[in-house]
Amino acid sequence: MKNVTTEKIKVWIFGIIFILLSLFMAPQLSSRFSSVINTYTLIFLFTITVVLCAVTVAINKNNLDKIFKIYAAEANIILLAYIADYSIRAIKGQESYYTMLWISCGFVASIGVFTALAFCTNNDKYKYINKIWLAFTPTYAYIFLIVFLREPNTYYELNLTLGNGILSYTDYLIGAFKNDFWMAFNFVGNVVFFIPLVFIIDAFFPKLKQYQVFLLSCIIPYLVEGYQYVFKCGSVDVDDIVLNTGGIIIGMIILLISQKKAGTAN
């Protein structure tokens, strides 16, 4: 009886920690304390989020079925909160920067969940990893839409010279890394955001070969930049494709290692 109670407490700890960390960067809170938020603060907060989520999953390695159900339910509830906040701000004509920070917290919290599962010793962990990727997909798709599906003929920049964008990022980050976290956020985001893509495609299409998953993933950055180029919106940058592809390659390496360990490589 005592063991059953202990396991229930562990599951509840995960549920509480995940939803709190996914919501801690509420836009109102961020706006109020924006003057003290810099790049180092953001890195610290995101690191704490990953670690705490990973730890609460790790202590539940024998409760992965319950963890999956809680994650799936909470991730979708949190997504509704993101959609509501973003929509209200859009109607009011307000900037959505802090909503993006808030959404990033949910993204980072999910990374903590996946990280713990990757190192979990449970024999069924790969079954749950794919299930959780599928549960994460609505959030990922929503972030993708609001970041890349911009209104035609709005703010537009074009860079077709390889290296210019990355050099500009690097020069600016060296001088303003601490105080301008948006530049670092954008630079890192172009890599990190595309890491989950291979896992999601692999989860949805488990019969695809590894090279097919990789090639299909690599098409997405070209579609994104192609949309922005045709409709003259956003920043069309060949270096963004390079960064996006870098994220896909990182994700593919992790996927290959995971499949090799599980003996499920295609």
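The expected span of a helix is 1.5 Å times one less than its number of residues. Helices (H or I, at least four residues) and strands (E, at least two) are DSSP runs, numbered from the N terminus. Helix H3, residues 39-58, has 20 residues and should therefore span 28 Å; its end C-alpha atoms are 28 Å apart, which agrees. The model is predicted: local features need pLDDT of at least 70, side-chain atom pairs count only at pLDDT 80 or more, and totals for chains, interfaces and linings use all residues. Residues are numbered from 1 along each chain as its sequence is written, and side-chain values use heavy atoms, with hydrogens and water left out.

The chain has eleven helices and two strands. Their order along the sequence is α-α-α-α-α-α-β-α-α-α-α-β-α. Of its 266 residues, 42% count as buried (buried means under 20% relative accessible area, exposed over 50%, partly exposed in between, with a 1.4 Å probe and protein chains only). In H3, the buried residues include Leu42, Phe46, Cys53 and Val57.

Three salt bridges are present (a side-chain nitrogen of Lys or Arg within 4 Å of a carboxyl oxygen of Asp or Glu). In helix H1, Glu7 and Lys10 lie three residues apart, about one turn. Their closest N and O atoms are 3.5 Å apart. Glu7 is partly exposed at 23%, and Lys10 is partly exposed at 24%. Helix H4 holds Lys69 and Asp65, four residues apart, which meet at 3.5 Å, N to O. Lys69 is exposed at 53%, whereas Asp65 is partly exposed at 32%. Arg89 and Asp85 are also four residues apart in H4. This pair bridges at 3.3 Å. Arg89 is buried at 11% relative accessibility; Asp85 is buried, with a relative accessible area of 11%. An α-helix has 3.6 residues a turn, so residues three or four places apart point the same way.

One cavity of 30 Å³ or more was found. On a 1 Å grid over the protein atoms alone, a cavity is a set of points where a 1.4 Å probe fits but cannot get out; lining residues have an atom within 4 Å of a point. Grid points are joined across faces, edges and corners, and a volume is the space filled by probe spheres set on the points. The largest cavity has a volume of about 60 Å³. Its lining includes Phe18, Tyr71, Phe107 and Phe136. Helices H1, H4, H5 and H6 each supply at least two lining residues. The largest share, five residues, comes from H4.

Definitions and conventions. On a 1 Å grid over the protein atoms alone, a cavity is a set of points where a 1.4 Å probe fits but cannot get out, and a pocket is an open set with protein on both sides within 12 Å along at least five of seven lines; lining residues have an atom within 4 Å of a point.
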